[in-house]
Amino acid sequence: MMNQTYVFQTEVVESKQWIDRITLHNIRGVPITPPPYRDRPKTEGALLLEVETNDGVIGYATSGYAHHAAIHLMTEWVAPRILEAKADPFRTDYIASLFDRHTWERALGRMFTIVLSMVDIACWDIKGKTLGKPVHHLLGGARDRVPVYVTHGAAYEGAPPYSREELAAEAKFLADKGVTHLKNTVGRQQFPDPVDDYHRMAAMRDAVGPDVQLSMDGNLRMNLAQAMKLCQMCEELGISFIEEPIHYNDPRNLHHLRMKTTIPVAAAENEKFSTLQILQADAVDFLQPNVNNDGGYTAAMRNAAIARAFNVPLSHGNGNGPHNIALHAGLQHGGLVEYHFHKWMAYNAMFKSVPQPENGWLTVSQEPGLGLEPKDGLIEEFAVRD
Ligand SMILES: [Mg+2]
């Protein structure tokens, strides 16, 4: 039983500001604009976390993993322990230390770090609001604009896969709207088919011309030989990077791929191996920490520091683009932020103000905190009670 295992009890001095309320909302069915060449998804949702301090500051965070296990973990285990500790929202490492890694992270894996990420993100929002500073200033404040790419072309909710023609047409549509860098998924066939993926990427290149950047995301679906063949065929198309092409992000295999292709390799959105293992194997050109899954800004800053020591720049690969902006704006070796088309539409539908891509760039919010405030009435209208 979880409650019979050893838990660290770090004694700390009581603060004047502490976390007084944690409320998790399961937001469902918010109408969104579907991708240009699909009629689905028509609605989106997310977990929305509210963390409120005793002096009335509210921080917000989201997660795309609206699984009942995440809800249970947050409401039954994580939130009660933080409230019991009267945790100071500035002491994010203290909050993490309330949960012994052996019990929580090792046993529950990513579900736990996803839940902890929400708490951490909301705490950084509170830090910014309390100090009157945007979060990217608190992380280092390297820049006030970040480059952005848009991911599209994956079919959801039982919709048929995109044909080459549809993929090319949608890429052209988005490029005509001012998107300067597009990413598409590869390896999604029943068995990964590098030749088919090459033709899909070539159709996109033909459609958008030489000036729009194109990248690929393998979502861990290929073996080394398949990834190698795909990269070698696609080199002539001028691909900007390939993300997570190989099963499990295996560092040795990624390293072998990287040594044999000129296409830069990015990984670590879906981490199985540690950041250190990936960097020690010279496995990536870009490391992809993810504030929404790995443990919030606190964990992302730790992984970013390791990457800095190896002179490896960061980039981002994950549907929660707007929440990752602060990391990439904050750090000198920060990089590209991903806007996944329908998740981008979901943020637009749920939050009052979301930075919008303009000629390949996002202008970072200068509001105190993260600048991501839920729309009035969102919770009342769309939170599911179960
Ligand atoms: Mg990815």
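**Labels and the values behind them**

Tutor: The magnesium ion has donor residues spaced D-x25-E-x25-E in sequence. Keep in mind that this is a predicted model.

Student: What makes Asp 217, Glu 243 and Glu 269 donors of the magnesium ion?

Tutor: Their distances do. The cut-off for an N, O or S atom is 2.8 Å from the metal. The OD of Asp 217 and the OE of Glu 243 and Glu 269 lie 2.0 to 2.2 Å from the magnesium ion, so they count as donors. Water is not among the atoms, so the site may look incomplete.

Student: Why is the pair Glu 243 and Glu 269 said to tie together parts of the chain?

Tutor: Glu 243 belongs to strand S7 (residues 239–243), while Glu 269 is in the loop between strand S8 (265–267) and helix H10 (275–280), so the pair ties together parts that are 26 residues apart in sequence.

Student: Why is Glu 243 called buried?

Tutor: Buried means under 20% relative accessible area. Glu 243 has 0% relative accessibility, so it counts as buried. Glu 269 has a relative accessible area of 10%, so it is buried as well.

Student: How do you know that Tyr 347 and Phe 351 are stacked?

Tutor: Two values decide that. Ring centres must lie within 6.5 Å to pair, and planes under 30 degrees apart count as stacked. Tyr 347 and Phe 351 are 5.3 Å apart centre to centre, with 25 degrees between the planes, so the pair is stacked. Tyr 347 counts as buried at 3% relative accessibility, and Phe 351 does too, at 2%.

Student: How many aromatic pairs does the rule give?

Tutor: The count is seven aromatic pairs. Elsewhere, ring pairs join Tyr 149, Phe 241 and Phe 286 in a cluster.

Student: What makes Lys 127 a charge over the ring of Trp 124?

Tutor: NZ of Lys has to be within 6 Å of the ring centre and within 35 degrees of the ring normal. The charged end of Lys 127 is 3.5 Å from the centre of the Trp 124 ring, and it sits over that ring. Lys 86 lies over the face of Trp 18, at 4.1 Å from the ring centre.

Student: Where is Trp 18, and what does it touch?

Tutor: Trp 18 is in the segment before S1. Leaving out residues up to four places away in sequence, Trp 18 touches Glu 52, Thr 53, Asn 54, Lys 86, Ala 87, Asp 88 and Pro 89.

Student: Which of the labels, buried or exposed, goes to Glu 157, and which to Asn 249?

Tutor: Exposed means over 50%. Glu 157, in the loop between strand S4 (145–151) and helix H6 (164–176), has 51% relative accessibility, so it counts as exposed. Asn 249, in the loop between S7 and helix H9 (251–260), has 0%, so it counts as buried.

Student: Where is there a cis peptide bond?

Tutor: The bond from Arg 40 to Pro 41 is cis, with omega near -5 degrees. Pro 41 is in the loop between strand S1 (19–31) and strand S2 (43–53).

Student: Which residues touch the most other members of the largest nonpolar core?

Tutor: Leu 49 and Ile 82 do, in a core of 110 residues. Helix H4 (residues 110–131) gives the most to this core, ten residues. At least three residues come from each of domain 1 (2–132 + 376–384) and domain 2 (136–363). Among the residues that Ile 82 touches are Ile 19, Leu 98 and Val 119.

Student: What separates the centres of domain 1 and domain 2?

Tutor: Their C-alpha centres lie 25 Å apart. The contact takes 35 residues from domain 1 and 38 residues from domain 2.

How values were computed: Residues are numbered from 1 along each chain as its sequence is written. This is a predicted model: local features need pLDDT of at least 70, side-chain atom pairs count only at pLDDT 80 or more; totals for chains, interfaces and linings use all residues. Side-chain values use heavy atoms; hydrogens and water are left out. Rings of Phe, Tyr and Trp (its six-membered ring) pair if their centres lie within 6.5 Å; planes under 30 degrees apart count as stacked, over 60 as edge-to-face and the rest as tilted. Buried means under 20% relative accessible area, exposed over 50%, partly exposed in between (1.4 Å probe, protein chains only). Donors are N, O and S atoms within 2.8 Å of the metal (3.2 Å for Na, K and Ca); water is not among the atoms, so sites may look incomplete. Helices (H or I, at least four residues) and strands (E, at least two) are DSSP runs, numbered from the N terminus. A nonpolar core is a set of buried Ala, Val, Leu, Ile, Met, Phe, Trp, Tyr and Cys residues joined through side-chain atoms within 4.5 Å. Domain bounds come from an automatic or database domain assignment. Contact means heavy atoms within 4.5 Å.
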